[in-house]
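Me: I would like to learn how to read a few features of a structure, one after another, with the general idea first and the case at hand after it. Could we begin once the structure is in view?

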Amino acid sequence: MTLFDTQPWLVTAAPIPAVDDQWRNALPLAPVFREPPPAWPTVSPAAAVEAATSALSPFSQLGGTPARLAASIYDPPEGLADAPAAPGWDLVLVVDTSPSMTAWYPAANAIAACAHDMPCFHSVHVVKMHNRRPTLRSDLFASADLPVLRAERFSPDRPKITLVLTDGVGAAWHRRLLWEDLHQWATSHTVAILHVLPHHHWSLSGIPTQPIQLRAPQPCCPNRDLETPTTDGRSPVHDDDPTTFQGSVLIPVLEIRKRWLDQWTRLLLTDFLVHQQTLAIAAPSLRPVVPSPAPAHDDAPRPDQLITDFHTTAPEHAFDLAVLLAAAPLNRFVMQLIAAELAPAATTRDVSAVLTSGLLVSIDSPIEEEDAYGGITFDFLPGVRQSLLAWGESSQTHRVVSLLDTYLSPFVPALKGISTRMRSPDVQALPRLTSRAAPYLEIEHSLLTALSGETPRHRTVAHVLRQRLDAVISAQPPADASTHT
């Protein structure tokens with residue numbers, strides 16, 4: 001699997017033109033999110049960055065100083081020709097970290113690295129938006145990141161751009177917790193949302209958009225100054241005109257696709273009317289409050305019904321990927337490992353579809369284990385794993401188990417030798433049951449049960465393991481540490 005080559009929103013484009021070295025950022029940029037172990041068969045970071053560079057190539061049009069851009073497009077204000085050269089733009093990349101966005105972390109790394117190397121950006125600041133289970137607006141950002149987010153500019157000579165990378169699925173979007181921040185940012189500088197999903201899937205997200213024609217009265221202007229045509233289409237008016245958007249700020253929402261980014265770049269750099277999909281955010285006093293979702297009812301669909309619904313609506317390769325993932329402890333590294341080795345036709349969008357399928361819950365891990373290669377950050381709803389395993393073939397299950405033994409067992413001792421135990425089950429070979437090993441042995445029990453038709457020993461060992469696990473569970477107090485994704 002590659003992260004970019006099969007995505008329809010990434011189109012090969014001309015390379016970035018040569019520019020003076022003074023534009024290039026000499027400081028290295030560490031990956032925003034931890035990369036897989038070097039020996040794991042996943043897409044290489046270099047290939048991902050190369051693909052992102054092709055996708056984001058329209059940003060190369062931002063090359064040159066904002067002062068010179070203004071002089072070349074508009075009638076320059078008096079004295080502009082003598083203004084000193086401003087060293088590029090400052091970019092703030094806000095990355096949504098909702099559970100469903102974990103599939104896009106490699107893409108976020110590549111986009112950040114690509115922007116960092118682009119000569120048009122003087123600096124790139126990456127901020128994580130904490131969108132796992134937010135209840136208040138203040139939960140979204142660390143206090144150390146607030147000055148970066150709220151600054152109108154970092155230098156008088158450089159304009160600021162804030163780009164929000166998201167799939168729009170997390171709770172913060174449906175509850176509109178980010179609306180006030182977006183309104184503040186768009187009042188002071190240029191803001192846009194990079195949507196990782198294709199436009200025809202935006203209805204799944206909490207970002208309502210509408211097509212609008214926009215015009216920038218001057219380059220680098222904040223979103224509050226964007227103009228829209230009047231209803232008769234003859235002349236532009238400001239978006240704070242009470243006859244149009246009643247004080248709303250307008251934020252372009254873009255597919256990460258060359259055509260979309262070309263359009264937005266044209267909006268930034270010319271005085272033409274440009275067609276954009278736009279999120280309109282009213283002033284705080286005019287916005288309705290979106291309450292927290294009501295607790296789930298007890299009449300939740302049965303596992304078989306959930307799986308049937310997903311099978312009917314899932315993208316082409318997503319369901320087959322879900323069946324493979326049912327044989328493994330899940331985190332973003334393991335999901336990408338299995339997709340790369342056993343489902344090469346699957347794309348990042350298929351991984352994302354599994355994460356938003358309603359079949360999984362997100363597990364809250366200790367902060368030091370959030371990026372652990374062997375950690376468990378997702379689990380299937382009760383009964384779903386076993387039902388999905390029944391859809392697959394035993395040969396597929398053994399292939400997944402072999403991957404776990406080869407690549408994951410160095411990080412999870414409980415998985416060492418699991419491929420042998422699946423082919424020749426033996427009660428004496430079962431790992432020692434500890435609180436740390438219990439979640440992995442729960443998965444081993446599911447695998448033994450799914451393979452119980454191979455030999456009677458599979459059924460015997462599964463029965464013994466179930467008794468041991470039940471004894472541990474009965475000795476522990478109940479806890480609820482998960483949430484639907």
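Me: Where is Pro211 found, and which residues is Pro211 in contact with, leaving aside its neighbours within four places in sequence?
Reply: Helices (DSSP runs of H or I, at least four residues) and strands (runs of E, at least two) are numbered from the N terminus, and Pro211 is found in strand 5, residues 210-214. Contact means heavy atoms within 4.5 Å, and, with neighbours within four places in sequence set aside, Pro211 touches His275, Gln276 and Gln277. The C-alpha atoms of Pro211 and Val253, which are 42 residues apart along the chain, are separated by 9.9 Å. Please keep in mind that this is a predicted model, in which local features need pLDDT of at least 70 and side-chain atom pairs count only at pLDDT 80 or more, while totals for chains, interfaces and linings use all residues. Residues are numbered from 1 along each chain as its sequence is written, and side-chain values use heavy atoms, with hydrogens and water left out.

Me: How should I read a pair of aromatic rings, and how many aromatic pairs does the structure hold?
Reply: A pair of aromatic rings is described by the distance of the centres and the angle of the planes. Rings of Phe, Tyr and Trp (its six-membered ring) pair if their centres lie within 6.5 Å, with planes under 30 degrees apart counted as stacked, over 60 as edge-to-face and the rest as tilted. The structure holds 13 such pairs. The rings of Phe33 and Tyr105 have centres 3.7 Å apart and planes at 5 degrees, so this pair is stacked. Phe33 lies in the segment before helix 1 (45-55) and Tyr105 in helix 3 (residues 105-117), so that the pair links distant parts of the chain, 72 residues apart.

Me: How do helix 9 and helix 10 pack, and which residues meet there?
Reply: Two packed helices are described by the angle between their axes and the distance between the axes. Axes are lines fitted to C-alpha atoms, for helices over the stretch in contact, and angles run from 0 to 180 degrees between N-to-C directions. Helix 9 (residues 318-325) and helix 10 (residues 332-342) pack at about 115 degrees, with their axes 10 Å apart. Leu321, Leu324 and Leu325 in helix 9 meet Met335, Ile338, Ala339 and Leu342 in helix 10.

Me: At what angle do helix 12 and helix 15 pack, and which residues meet?
Reply: Helix 12 (residues 384-391) and helix 15 (residues 438-450) pack at an angle of about 40 degrees, with their axes 10 Å apart. From helix 12, Arg385, Gln386 and Leu389 meet Ile443, Ser446, Leu447, Thr449 and Ala450 of helix 15.
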